[in-house]
Amino acid sequence: MKIEIDKGSGFCFGVTRAINLAEQKLSNGGQLSCLGDIVHNGCECRRLADMGMKTITHSELATMKGGEVLLRAHGEPPSTYETARRAGINIVDATCPVVLRLQQRVERSYLDHPDAQIVIFGKRGHAEVLGLIGRTGGHGVVIENMDDAAQLDFTRPIHLYSQTTRPLSEYRKIVEYIQAHLVPPATLEWHDTICRQVAGRLPEVQDFAARHDVILFVCGSKSSNGHMLYNAVHATNPRSYCIEDADDIRPEWLRGAESVGICGATSTPKWLMEACAKAVDKLCR
């Protein structure tokens, strides 16, 4: 049995940076809380919890007095920083630099163009999207699909941005749709804000899936990026299975296979994919 782990899968730069910051703080014996899951992977969250990191909610943050809180790679709205400042909380800011630049661009658009609709193509309620809308004072508009786009006011200027992890092909369709429906003199100003490290994973993981008889896609149930990539993998290779850890692997999936590929999302740690590879090897002996 040939078992291969996809070299391109695993943490993106922003998540790696956040994890490293957390590990540095915890290794020094300090007390550290993280606002929300540091990454959408339960196994990795449990590993860091075992090191002493506590995951808190926004409600819990509002009741804290002092302490140290890590902001994950997704970013946060300005209100979170203000809450922490008032409570004397020290912020460990792990906001991904790509997300931070996007936040700044959205805020500039909002302040410099008060007549325009600031539109974010992304998932409602996603941490990154909440942070972006916060930069518009809550006045930005979130669209998830073409039906949402159809509800925009095409007689007013539109400044369009995308959540960094959305599929590039879908974003381009949204751009084309808005361009086709604008009513002059209204204009569209759109910005390509999709992270290429994340966007590049899609064709790479599809190529990887096509090279193997069976694919085990490892990701947490909360990972939006994981669900998107898995759907693409399954469309490429019907013998693809989405798992959270090695315990989910079923021996019958491997019958008749000569090669098994193991891949994952931008929130999937390498150590977890390696554990799955060892489990497959053990099942095939």
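The residues lining the largest pocket split into 11 nonpolar, 13 polar and one charged. (Here Ala, Val, Leu, Ile, Met, Phe, Trp, Tyr, Cys and Pro count as nonpolar, Asp, Glu, Lys and Arg as charged, and the others, Gly among them, as polar.) Keep in mind that this is a predicted model, with local features needing pLDDT of at least 70 and side-chain atom pairs counting only at pLDDT 80 or more, while totals for chains, interfaces and linings use all residues. Residues are numbered from 1 along each chain as its sequence is written, and side-chain values use heavy atoms, with hydrogens and water left out.

Let's stay with that pocket. Its volume is about 360 Å³, and of its 25 lining residues, C12, V15, H74, T165 and T266 sit closest to the centre. A pocket, on a 1 Å grid over the protein atoms alone, is an open set of points where a 1.4 Å probe fits, with protein on both sides within 12 Å along at least five of seven lines; lining residues have an atom within 4 Å of a point. Grid points are joined across faces, edges and corners, and the volume is the space filled by probe spheres set on the points. Helix 1 (13-27) gives the largest share of the lining, three residues, and helix 5 (97-112), helix 9 (196-199) and helix 11 (224-236) each supply at least two.

The second largest pocket holds about 170 Å³ of space. Of its 15 lining residues, R72, G125, H126, A127 and L130 are the closest to its centre. Helix 6 (residues 127-134) contributes the most, with three residues. By class, this lining has three nonpolar, seven polar and five charged residues.

The protein has 12 helices and 12 strands, which are DSSP runs numbered from the N terminus (helices H or I, at least four residues; strands E, at least two). Four of the strands make an open sheet in the order 1-12-10-11, with parallel pairing; two strands pair if DSSP finds at least two bridges between them. Strand 1 (2-5) and strand 11 (240-243) are the edges, each pairing on one side only. Strand 1 runs parallel to strand 12 (residues 259-264), joined by four bridges, and I5 has I262 as its bridge partner in strand 12.

Finally, the overall size: the C-alpha atoms fill a box of roughly 65 × 50 × 25 Å along the principal axes.
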